[in-house]
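Subject: Structure for your review

Dear colleague,

Please find below the structure that I am handing over to you. My findings follow directly after it.

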Amino acid sequence: MKVVKVRSPFMIQVNESTQIGSKIELFIWRNGETEPTVPTYTLSKPIPTSNQRLTSYNVSNFVKEYIENIAPTYVNYPANNETNNNYARFKVKRYWNNAGVYTLLDTISYVGINGYSDYMDGLQVAEDTRIKLLFNPTIQNNYQIQTTYSPNTIQYLNVLVEFLDVDDLFTVTYNRLSGGYSAPVNFNGVTGIYLFKVPITLAKIDNNFIKGSNMTLSFLPDGGSPTVFSNILTYPIEECKYTPVLCDFINSYGGWQTLTLYKAQTNSLQVKKESYKLMPEAVNYNTLKGQMKSFNHSATKSIKINTGFVDENYSQVLTDLLLSETILLDRKPVKIKTESLELKNVLKDKLINYELDFEYAYNSLNDVL
């Protein structure tokens, strides 16, 4: 499968030596839907000049319309797929125009995810892979688990897998750090592209999280050699003073990621209203009604919360958070108000803690029509 991050431009180019123009046909659908037989969009353009015949089309915005990340659904067992609106399938047919006749060049299929590439990566090229981790496995500090056990709040990570054969095998193995217990979970017997939800710890291994666990992700294609794609360490954190808050967001890889914010928090309420001077009903007016009245009230809540002491590489996760378009705190939609952040390091700052400022993305006074 060819994976594209649709928050960054993805250019389809046509550059034939004698073309006078080009067009592309774009077919877009979600898993579970029937692939369209007619183009969702058809785009065409003439060449700029006879000396510059290259024509380019950015298809990312069209694909992004089909992706809607709303909220994660926590799981305590990894045999679950993410909802189909979290990613999209699309196919591109390229044509070149010679003397008014369009000739098909090729047809290529892609998978679109709601992530973005870095400026220093240059022009985005689709990543051709059988398994795509929608997270950065090197940032270990992100996978800390609060000790208060709840099977409905187990953090998970997204993994995009393509099964070309029913005997292809994707395996998640959990090894508890004490006792060597393992629980392999296998996905096979299917073909197609799936976005899995993989909990970063298996709930039934250790209900009170006395010990951490080691999670290994591997993929074995039919007739091939197994490849280990990730080896993640999870461990418990005891927070006995403050109530931890779960922060879910879509990261730069296009998958759900959860931060547990452990330390002090401050909640605020901001109220806006319009005041008007009223005309009395009569000369002999009722003094209890007053002469001024407020209308059009709105109220928004905000929260400032601290991460607790974290590793230096946590700044990469917070960069993803600040640039995310979808964020929830304890399953409530929020906007992040923090617009600048000093990225700290151990050499200068010793113990690293970040304070983040969020605003709930709804009016506390229900005014939905």
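The protein chain exposes about 19,400 Å², of which carbon and sulfur atoms supply 51%; accessible areas come from the Shrake-Rupley method with a 1.4 Å probe, and for residues only the protein chains shown count as cover. This is a predicted model, in which local features need pLDDT of at least 70 and side-chain atom pairs count only at pLDDT 80 or more, while totals for chains, interfaces and linings use all residues. Residues are numbered from 1 along each chain as its sequence is written, and side-chain values use heavy atoms, with hydrogens and water left out.

Overall composition

The protein chain has three helices and 24 strands; these are DSSP runs numbered from the N terminus, with helices (H or I) of at least four residues and strands (E) of at least two. Of its 369 residues, 44% count as buried (under 20% relative accessible area, with exposed over 50% and partly exposed in between; 1.4 Å probe, protein chains only). Among contacts (heavy atoms within 4.5 Å) with a separation of 6 or more, 72% are between residues 24 or more positions apart.

Strand 3 and its partners

Strand 3 (residues 21-29) is largely enclosed by the rest of the structure, because nine of its nine residues are buried. G21, K23, E25, F27 and W29 point one way from strand 3, and S22, I24, L26 and I28 point the other way. Strand 3 runs antiparallel to strand 4 (residues 41-46), to which six bridges join it; there, K45 is the bridge partner of S22. Strand 7 (residues 87-98) is also antiparallel to strand 3, with nine bridges between them, and N97 in strand 7 stands opposite G21. Two strands are taken to pair if DSSP finds at least two bridges between them.

Four strands form an open sheet in the order 6-15-12-10, with antiparallel pairing. Its edge strands, strand 6 (80-81) and strand 10 (131-133), each pair on one side only. Eight bridges join strand 12 (residues 156-163) to strand 15 (residues 192-199), and E162 has I193 in strand 15 as its bridge partner.

E274

E274 is found in strand 20 (residues 265-277) and counts as partly exposed because its relative accessibility is 37%. Leaving aside neighbours within four places in sequence, E274 is in contact with K293, S294, F295 and N296. E274 and H297 lie 23 residues apart in sequence and 7.2 Å apart in space, C-alpha to C-alpha.

With kind regards
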